[in-house]
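Subject: Structure handover

Hello,

Here is the structure I promised to pass on. Please open it alongside this note, and read on for what turned up in it.

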Amino acid sequence: MLLVSGSVGGGHDGVAAELTRRLEADGATTSTVDFLDLPRAGVGWIVKASYQLQLRFAPWAYELLYRLCFLLPFIWVPVVMFDTAVSCRRFGRVIRTFTPDVVVSVYPLSSLVLGRMRAKGWLRVPVITYLTDASVHPLWLHPGVDLHLAVSSETARTVEARGIQPVHTVAPLVSRGFDGRADRERVRREMGIPAGAIAVLVVAGSWGVGSVIETVEAIAGSGRFHPVCVCGRNEHLHQLLNARGWGTVIGWTDRMAELMAACDVVVENAGGLTCMEAFSSGLPVVTYRPIPGHGRHNAETMEQAGIIRYARTAEELINALEVLGAVGPKRQTQVQRARALFHGDASHHVASLAASTLNPAATAPFHRPLRNTRLAAAAASLVLVYGLLTSGTELVTGHGLGVQATGPALDVANVLGVRLSAEQLSDPVVERQLLVGTVPVLIDARTADAAPTAVTLLSNGGVTFGNIGSGQRHRLAWTQAQADTRWARQAIDVYTGHDVGGLVAGRRVNAFDLAYSRFGAHQRILRPVIVGPGVSFGALAAHRLYLVDATSATPGQAGRVVEHLAQAAAKKQLSLVTLGGPT
């Protein structure tokens, strides 16, 4: 049997090690490979480093990518193609050398690549995916995989609901030491845990990521519990907690089974292997401030199953520790539900599928045609890069990165102005209201071309104009960006006689927009919230940027919108943001 793991923390490696032990105990020959060692050009290292950096410095970005898979799963097709292209050759070399009867994956990306190779007919031995988490993410599932193994019946039902079969429920793969039989009192003395104290084991994975300091502070600050924090390989976190003197602080350790026997409750933030080890040890688990993505998803899934307590506030955390830290019916119920997961052995399913394989070595376990290999890899790479520059960047800028989405630090809403059509600009009533109230106007290049006289007249009268794009749609992202940031700005400048400044984006902003604005036009991009002409200005949030789009209104209605905007600005109910001029 060949097992495939991924070195993105201790969980996947720990699961692979335990499955290896069980298979070898039954007489099987096994070999384990780290999927992230297979891709060429250091791609595996980039995946691991970017994941760690996201969790440490931009957790919202990881949450965004995680949730995006549920909404738009098709965008990951080029990612799978790319991963397959850069890892397929070495994967094939490993498989030809070892000639396994079955391949088992305990890592999401390897499951997708193996599933694709299986579906293409390149891999001629069955593939099994062991789902290490209770929650099911689309990146775990591929229809080309022969068998999926789930750690709970709820997980299995979710897999089946997504059209993936067959799937079997098996027990979590936890080492034998996690049975709560260690010498509790001896370990407590070694760890400096006071006699009679309720010891709370705080775990944040092998990297020690997440809101660990805030968690330990809340536990220690209550004065009711003794925190025992495992910092993993995060030496900086270890030093900070040691300096603050909150309970017992431990760095990297291989004594987790003993620590769980010595403690009364586990507080964690990812819902992975640590949870399963606690379940096996008979310890209740509280999830607090879970890391984004799979951490929050696991917390929600396991809370619904009643096998953990999900504390969303510090008060809920302390209440949960009080209830679960002492012997009682609620603690006993949660522990029993968690222990009920341990039925069914994954190794039996692996051995059974391996035994049913009809001599794969006789027909070569792996075969991939070399024709067009480089072309496919190049095409997949281009699709992936284009997707990151467009859809990927649009998601990031949607959260404000790279664009201006907030206004000055005022206690009122910030309005960039009103967007008008050529017909409205040429209307005498609208023209009069604009000249009196000096409300900024947003137009695109097509509108300026359709009403040049009105634009020039209003500009000479003191009305400020802003650019909202070319008013035309282009198929290619870079030509759209050039048209909106450069050509439109130049066209409007001709009629107004002054620089209209940056681009007010009426659409999602991608990397091409950022590049043209920053390096080509040296201007900023404003990303406002667009509201209709009937909006109540009192309902707008402070500090945010807004644009009132009145292009669908009649000229009379548009005139009243301009009038109301001017009145609200005069009464300090909102702030009209000055447009024009590069930054």
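What does the accessible surface of the chain come to, and what percentage of it belongs to carbon and sulfur atoms? The surface comes to about 25600 Å², and 54% of it belongs to carbon and sulfur atoms. Accessible areas come from the Shrake-Rupley method with a 1.4 Å probe; for residues, only the protein chains shown count as cover.

Two notes on reading the rest. This is a predicted model: local features need pLDDT of at least 70, side-chain atom pairs count only at pLDDT 80 or more, and totals for chains, interfaces and linings use all residues. Residues are numbered from 1 along each chain as its sequence is written, and side-chain values use heavy atoms, with hydrogens and water left out.

**Overall**

The chain has 23 helices and 20 strands. These are DSSP runs, numbered from the N terminus: helices are H or I with at least four residues, strands are E with at least two. Of the 583 residues, 53% are buried. Buried means under 20% relative accessible area, exposed means over 50%, and partly exposed is in between (1.4 Å probe, protein chains only). Now take contacts (heavy atoms within 4.5 Å). Among those between residues at least 6 apart in sequence, 69% join residues at least 24 apart.

Start with H5, residues 108–120. Its 13 residues reach 19 Å from first C-alpha to last, close to the 18 Å expected at 1.5 Å a residue. The expected span is 1.5 Å times one less than the number of residues. The buried residues of H5 include Pro-108, Leu-112, Gly-115 and Met-117. Gly-121 follows H5, with a positive phi near 85 degrees.

Then H14. Its buried residues are Arg-331, Gln-334, Val-335 and Ala-338. They span an arc of only 95 degrees around the axis, so they sit on the same side of H14. The arc is that of the directions from the helix axis to the C-beta atoms. An α-helix has 3.6 residues a turn, so residues three or four places apart point the same way. The cover over the buried residues of H14 includes E10, H11 (273–281), E11 (285–288), E12 (309–311) and H13 (314–325).

**Salt bridges**

There are 18 salt bridges in the structure. The criterion is a side-chain nitrogen of Lys or Arg within 4 Å of a carboxyl oxygen of Asp or Glu.

- Asp-345 and Arg-22 meet at 3.4 Å, N to O. Asp-345 lies in the loop between H14 (329–339) and H15 (346–355) and Arg-22 in H1 (residues 10–25), so the pair ties together parts 323 residues apart in sequence. Asp-345 is partly exposed at 22% relative accessibility, whereas Arg-22 is buried at 17%.
- Arg-184 and Asp-264 meet at 2.8 Å, N to O. Arg-184 is in H7 (residues 184–190) and Asp-264 in the loop between H10 (256–262) and E10 (265–268), so this pair ties together parts 80 residues apart in sequence. Arg-184 is partly exposed at 28%; Asp-264 is buried at 10%.
- Arg-255 and Glu-190 meet at 2.7 Å, N to O. Arg-255 is in the loop between E9 (248–250) and H10, Glu-190 is in H7, and the two are 65 residues apart.

Arg-255 and Glu-190 also belong to a salt-bridge network with Asp-183, Arg-186 and Glu-258.

**Backbone details**

The peptide bond from Gln-165 to Pro-166 is cis, with omega near -5 degrees. Pro-166 is in the loop between H6 (153–161) and E6 (167–169).

Which residues other than glycine have a positive phi? One of them is Thr-99, at about 45 degrees. Thr-99 sits in the loop between H4 (77–98) and E3 (103–105) and is partly exposed at 36%. Another is Lys-572, with phi near 65 degrees. Lys-572 lies in the loop between H23 (555–570) and E20 (574–576) and is exposed at 68%.

**On the surface**

Leu-71, Leu-72, Phe-74 and Val-77 make a nonpolar patch of about 410 Å². Patches are made of residues with over 30% relative accessible area and no salt bridge; like charges are joined within 9 Å, nonpolar side chains (Val, Leu, Ile, Met, Phe, Trp, Tyr) within 5 Å. Leu-71 is in H3 (residues 59–71) and is exposed at 67%.

Best wishes
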